[in-house]
Each structure stands twice: as structure tokens, then as C-alpha cells.
Amino acid sequence: MAGFSELIKNFDKTRDYVRDFFIYGCKVRSDFDRKSVRTYGDEKRRVESWMGDYMRYDDSVRGRSVSISVDSGHIPENPLYNAYYSKSFTDNDIKLHFLLTDILQDGKSRTLRELNDTLNSEYEQLFDDQTVRNKLREYVDEGMIIAEKQGKTLCYSLSSDTADDFINSFRGLDDALKFFSETQHFGIIGNSILKMRRLKNDLFFIKHNYIIHTLEDILIPDILSAMDEKRCVCFRTFSAKRLKEGDLSGTENNVIPMQILVSVQTGRRYLAAYIPGLKRFSAFRLDYMKTVKKGDICENYDAVRAKFSRNISHCFGVSFGMRKETGTVTPMKITFFADEEKEGYIIERLEREKRCCSVEKTGEHLYTLTADVFDPNELMHWAKTFIGRIARIEGGTDTVRQRFYNDVSRMQKMYGGDEDEHIQ
Amino acid sequence: MNIFSEIYGTYFRIAAKLLGNKVTDEKTVRETVKHEGFRDSVLFLPQKLIPGGEDWGLFRRGENNTLCRITKKAPVKVLTKLQKMWLKAKLSDPRIRLFMDDETLRALDKRLSDTEPLYRREQFRFIDRFSDSDDFYDEKYIKNFRIVLEAVKNRKIVYIEFVSGHGKRMSGKFALLKMEYSPKNDKFRVYCYLLRNDRIRSSGIINIGRITNIIDTGRFFRTPVSMEEYFSGRKCSSPAVIKVTTERNGVERFMLEFASYEKHTVRDLETGQYTVKLWYDTQDETEMLIRLLSFGPVIEIMGPQQLREQAKRRIERQAELLEKYREEE
């Protein structure tokens with residue numbers, strides 16, 4: 001494996017591999033037919049290196065399958081953060097990082113010339129002005145170095161905001177960092193602060209923890225800043241289905257970003273956006289998305305946002321249905337059976353999980369949920385968590401209702417009485 | 001400004017640690033890389049730190065084969081703009097009040113007065129979070145949370161009165177081990193051992209929101225605790241075995257939704273179906289069962305028998321209910 005590096009330049013490529021290993025849980029080399037054997041080997045080696053004990057290997061006739069098996073509710077730190085800590089760099093990058101911060105630690109500000117002279121005279125390091133200037137500019141953008149004009153000359157000084165000072169000055173911040181570093185949003189950033197102080201989360205575990213989300217965090221800041229600037233965004237989407245069909249080019253999308261939608265139950269996150277070409281709202285999965293670029297200012301952003309606020313209140317999940325934003329919604333009523341005396345917990349469940357729907361008592365032991373939502377399919381996926389409780393379904397579409405009846409019938413056969421031979 | 005930057009990277013962090021001392025040696029370099037690096041870093045990083053032709057030049061050789069840093073002081077850990085923007089965003093999160101008092105929060109806000117937040121809370125929407133989240137503004141809740149956190153940090157024994165999930169009033173002395181947060185429930189809980197005469201009687205989980213009274217006994221629980229042991233004691237004796245079909249994009253939907261579970265998957269080459277073993281906390285069995293059933297006939301619970309039986313009973317009851325209310329119409 002000559003030429004292998006632990007560090008990576010391209011985060012997108014790594015995202016694909018980690019996702020496949022993590023989600024599908026059983027991939028062999030031949031499944032990655034889109035990539036060369038060498039690429040597969042390198043990516044696998046990196047993932048193994050980051051995930052350590054969480055890797056699992058199983059031998060089959062097709063070859064050795066590799067997967068990631070993590071009980072993510074019982075880990076103190078998201079191991080996928082390692083992907084972010086693997087960015088490649090040049091020798092000059094690391095040298096200038098430590099040398100410039102070493103020179104500027106005394107709190108004094110210096111010109112480029114003074115800095116380069118010091119590098120030469122005190123550290124015996126020769127850099128051309130442009131290299132040092134670029135690094136200083138980069139660190140000014142990062143907020144580590146402050147650039148101020150003194151007369152006509154730009155002077156550089158080090159920011160006085162250090163991790164040590166913050167954590168020592170603000171009581172409780174260390175514990176807050178431990179918590180927020182493992183939760184949304186952008187836990188990775190909190191983790192990077194903890195690591196500066198050599199601290200580890202030793203207090204919290206996160207249940208219902210979708211650690212894979214961190215890989216999408218790389219896209220979100222650009223989307224958020226486009227929202228703030230009321231701009232369009234352009235990105236490509238690569239759905240698993242299309243990739244399987246050999247479509248590697250993806251689909252280009254030009255949209256007006258509205259909100260990031262987070263599902264804490266299905267493990268998916270989406271960008272809700274308006275598609276001007278189709279004059280409708282839609283939700284794009286973040287895990288299928290790549291290369292986000294900010295586009296032009298959207299003149300009617302506020303009007304679209306106002307429309308979005310009205311529309312989102314009719315989404316049970318993320319689907320805006322197939323009609324235009326001015327279209328009608330499909331009212332649906334699902335009646336649940338719950339004995340008030342003995343099964344109050346069912347009524348409590350309905351209340352806390354009903355989202356944009358309403359629940360009312362409609363008969364003895366009967367509670368009806370009324371849903372004025374765009375996509376009844378989303379509602380039914382949730383309603384099926386109440387299997388054994390559903391007395392009636394009204395409204396929606398014939399297809400949705402029929403599918404539910406068929407599903408119950410198929411499940412009856414699947415788990416049916418004497419024919420049940422599958423029990424292990 | 002991007003979190004995917006070498007300035008946060010593992011190699012920079014290891015270099016910073018080693019540059020913290022004026023003098024080091026090869027052994028320390030290799031050990032630090034081994035402990036702080038990725039699994040294979042020992043193969044790549046030491047030669048970049050130790051002078052020898054390939055190195056970055058951060059150290060030079062000193063007397064007795066020591067390594068002397070070329071910098072004058074230990075590296076300073078300057079917060080980046082991105083990190084400060086993240087901190088600023090967290091100031092608008094009500095949960096930060098659990099950790100920091102109002103005065104400290106005001107001081108932090110003032111310190112970050114020139115910093116824009118990385119995000120605004122309204123830019124995100126949790127679409128399926130339960131509505132009965134903990135009340136992070138409630139003073140009593142905050143007080144209880146802090147006592148629990150302190151007890152977890154110092155392994156203190158506390159006396160707790162609380163209302164169980166079934167509405168029963170409970171009380172006892174507990175050793176508190178770790179805290180748990182669920183983004184789905186937006187609730188905190190604490191893993192604990194119930195103690196009788198200072199000995200572990202049973203393991204449990206208490207919702208912070210259900211605590212009615214908590215008193216620090218001033219005593220410490222000194223028995224060594226292994227979280228692995230705690231979790232394994234609560235784990236199912238045999239995993240749920242699920243057959244997942246390709247219908248309705250079942251495999252991807254299932255794998256993603258159950259990604260947070262410890263699992264083992266095997267794919268049938270002929271059918272494309274997957275057989276997935278899922279390990280779960282016995283206390284969460286019902287939650288897992290109803291989520292499995294929501295996949296309908298796309299998946300099948302193959303075992304263990306008692307789990308399959310529970311699914312079967314629910315489905316039979318469902319068919320009966322539909323029949324009954326259809327007749328009434």
C-alpha cells in the first residue's frame with residue numbers, strides 16, 4: 001500500500017465510504033464496483049483506523065465483509081469526528097502554524113516584514129513573503145490572528161481568546177462542552193474545543209444517537225449563511241437508488257433554502273427548500289447532497305419564507321406532497337382504541353406524538369386524530385407504530401387506506417398461527 | 001472557515017502536545033503518537049516529528065539524543081472564529097442554563113458580543129421530536145439537574161424521591177453513574193444503581209424530570225463501576241433477528257432508522273434481503289417493537305420467539321379491531 005496517507009483532501013469521497021460501511025453494515029470489496037480496488041483499500045484502511053474496535057469483519061463466500069457496529073447510545077465520543085481531524089496539509093502549513101503563533105504569543109503586533117525577519121533570525125526559517133502573507137490571511141479569516149492597519153501598514157497580532165481562558169473564566173462551560181459536543185448541532189466543533197484542553201466527555205451518553213449526521217455537518221454552514229443572506233443554493237444530489245442504477249453524475253438543483261429539517265427517529269436530515277423552476281417546496285436529504293454553492297440573492301425571499309411557514313404546518317414529516325404550494329391538503333382521520341382506565345399511556349403517546357394533528361375523544365375508548373397534512377403516507381408510517389390500536393381510517397387517499405389494510409392482512413399471514421414456521 | 005481544517009486535526013494536536021515541553025525524546029514522541037493518533041499514525045507521524053530528513057523541522061536534536069523544540073513557548077490554544085460562533089449559538093439553547101448560571105452566561109455573552117452565532121435555532125426544525133420535553137427553564141428542574149450532575153462527577157450517593165413511568169412514588173439511595181440525553185424525547189435521565197446497606201441492589205434509569213426530591217447524602221460510592229457491566233446487565237439475552245426485504249426501499253430505510261443500534265447484518269445474495277441482528281436494552285423492547293411494526297410487511301421479526309409472539313398478538317388485535325369497527329359502520 002505504498003503512497004497511503006492517513007490524511008485526506010476530499011471529505012466527500014470519504015463520506016460515501018463511511019456511510020456505506022456504517023449504514024449497510026455488510027459490504028465487500030466487490031460491492032464498491034464504482035471505485036478502484038486501490039481506492040477501496042485506502043478508504044477501508046482509514047475507516048478502520050478511525051473506528052478501531054467498532055469495526056467488524058465477517059468472512060463469506062463473496063469475500064470478507066467490513067462493517068461498523070456501534071451501539072451509539074453507549075459511546076462517550078462520536079468516532080466519526082475523526083474524519084474531520086484528518087485533513088491533509090503541507091510542511092509549510094504546520095511549521096508556520098506553530099512558528100507564527102509562537103512569535104505572536106507575547107501580545108505585540110507585528111508587520112509581515114517583522115514577522116518574516118523574526119522567522120529568519122530567531123528560528124532560522126526562510127519563507128517568502130507571499131507564503132507568510134497567505135498564511136496570515138488564512139488565520140485572519142479563521143479568527144486566530146487579528147489584522148489592523150497602522151498607518152498604511154497591516155499589523156498582525158494573536159487573538160487573546162484562548163480555550164484555557166474561556167474554560168477557566170466561565171464556570172460550567174467544560175460540562176456544557178461535554179454535553180453539546182455529542183449533540184446537535186455541530187457537536188464536532190464542541191469536541192474540537194474539548195480536545196484543545198485535552199478534555200473528554202465522561203458524563204453523557206446520547207440515546208437515539210445518529211452519529212452519521214456529523215458527516216453532513218460539513219455542508220450546513222454554507223446553507224445557513226445562504227439563508228441569512230437570502231440567497232439561492234446550488235448542489236448536486238446522489239440518491240442511493242440512482243447510484244445503484246449507475247448514475248454517478250447526480251442531479252443538479254437550484255433552490256431557495258428555507259430550513260434544515262431533522263428527524264430524530266428515522267436518522268435523516270433534510271434541507272427544505274423552494275424550487276423556483278417547479279414552483280413548489282421540497283425536502284432534499286442531506287446525506288445525498290454534495291458540493292453546496294451559494295448562488296444569487298433571491299429578491300422575493302421573504303415572501304417565499306412566509307409561504308413556507310404556512311406550508312410546513314401541513315407537513316407531518318418532510319413531504320410537501322406532489323401538489324403545488326397553493327394546493328389543497330388531504331384531511332385524514334385515524335381513530336385509535338385506548339381504554340382510559342388502564343391504557344392512559346396510549347392517550348399520552350398520541351398527545352405527545354401527534355405533531356401538527358389534533359386528537360379528540362370521539363367515543364367510548366376511542367380517540368380520533370385529525371390530520372390536515374400534505375402526504376398521508378408519512379402519517380401512516382407513524383400510525384403503524386400503533387398497530388393493535390387502530391380502529392378506523394377515514395379520508396386520505398384510497399391507495400393509502402388500502403395499503404394499510406393489505407399490510408395488516410399480509411402481516412397476519414406472515415406471523416400467522418399454525419403456519420408459523422419461522423420462529424428461531 | 002471550515003471545521004474540516006488541519007488546524008483542528010489530530011496531527012496538529014499531537015505536535016502541539018509535544019511542543020508543550022522544551023525537551024522531549026523519541027520514545028515520548030512515539031508513545032504520544034500511539035496514544036493520541038489514529039491506529040496507523042505510528043507508521044507515518046513519528047518521522048515527521050523526529051529530525052531525520054523527512055521531518056517538519058519542529059524539533060532539533062539536543063544533547064543525549066534529546067529533542068528540543070524550535071519554538072520558545074508552549075503552543076497557545078487560540079479559539080477560532082468558528083468555535084466562538086458555535087459557542088455564541090449555544091447561548092440561545094435553553095439547555096446551557098443547566099450548566100451555567102445567569103451571571104456567567106451574561107459574562108460569556110458579553111465576551112462574545114462581537115461574534116455572530118453560527119446558526120439560529122429557527123433555522124432547524126425537529127420534525128418528529130416528542131412534545132413533552134423536559135422544562136429546561138424550570139428552576140426546580142435546573143437545581144435537580146445540577147445535583148445529579150455533581151453526584152455523577154464525584155460518584156456521590158444521593159437520596160432520591162421520584163415518580164416512576166407507571167406513576168408509582170419511589171425513593172431510595174442511589175449511586176449515580178452517567179447521564180443520558182435523548183434528542184427524540186428531549187429529556188435527560190441518569191443511569192444509577194439502587195443501594196441497600198451500601199450494596200448494589202439493582203440497576204436503573206431515572207428521568208430527571210420525574211425527580212421530586214433529591215438530597216446529597218455527603219457520602220461517596222467507592223465501589224469501582226464498569227459501565228460495560230452496567231449496560232450488559234440491561235441488554236437483551238438474545239438479539240432481535242429481523243428479515244429486511246427490498247420492498248419500498250426497505251433496506252435503506254431500515255438500516256438508517258436502526259443505525260443507532262449495535263447490529264450485525266448478513267445479505268442473502270439471491271434475494272437481496274438482509275438478516276439483521278439487533279441488540280437492545282430490555283427496557284426499550286416495546287419502543288423497538290413498535291418501530292419494527294411500523295415497517296409493516298417490509299420486515300419480519302424472526303426471533304426471539306417472545307418478541308415475535310408480541311408482534312403477532314398486536315397484529316391479530318389490529319385485524320380484529322378493523323373487523324369490529326367495520327361491522328359497526
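How are α4(A) and α5(A) oriented to each other? I looked this up in a predicted model, where local features need pLDDT of at least 70, side-chain atom pairs count only at pLDDT 80 or more, and totals for chains, interfaces and linings use all residues. Residues are numbered from 1 along each chain as its sequence is written, and chains are lettered from A in the order in which they are written.

**Helix pair.** I find α4 (residues 91–104) and α5 (residues 112–123) of chain A packed at about 100°, axes 11 Å apart. Helices here are DSSP runs of H or I, at least four residues; strands are runs of E, at least two. Axes are lines fitted to C-alpha atoms over the stretch in contact, and angles run from 0 to 180 degrees between N-to-C directions. α4(A) and α5(A) are therefore roughly perpendicular (65 to 115 degrees). I list A:L99, A:L100 and A:I103 against A:L115, A:T118, A:L119 and A:Y123. Contact means C-beta atoms, placed from the backbone, within 7 Å. By class, I get 6 nonpolar, 1 polar and no charged residues.

**Chain interface.** I see 117 residues of chain A in contact with 105 of chain B. α4(A) gives the largest share of chain A's side, 9 residues.

**Strand pair.** A:I206 stands opposite B:Y181.

**Loop residue.** I place B:S238 in the loop between α8 (227–234) and β10 (240–244) of chain B. The C-alpha atoms of B:S238 and B:K277 are 9.1 Å apart.

Methods. Angles under 35 degrees count as roughly parallel, over 145 as roughly antiparallel, 65 to 115 as roughly perpendicular and the rest as oblique. Two residues are in contact if their C-beta atoms, placed from the backbone, lie within 7 Å. Ala, Val, Leu, Ile, Met, Phe, Trp, Tyr, Cys and Pro count as nonpolar, Asp, Glu, Lys and Arg as charged, and the others, Gly among them, as polar. Two strands pair if DSSP finds at least two bridges between them.
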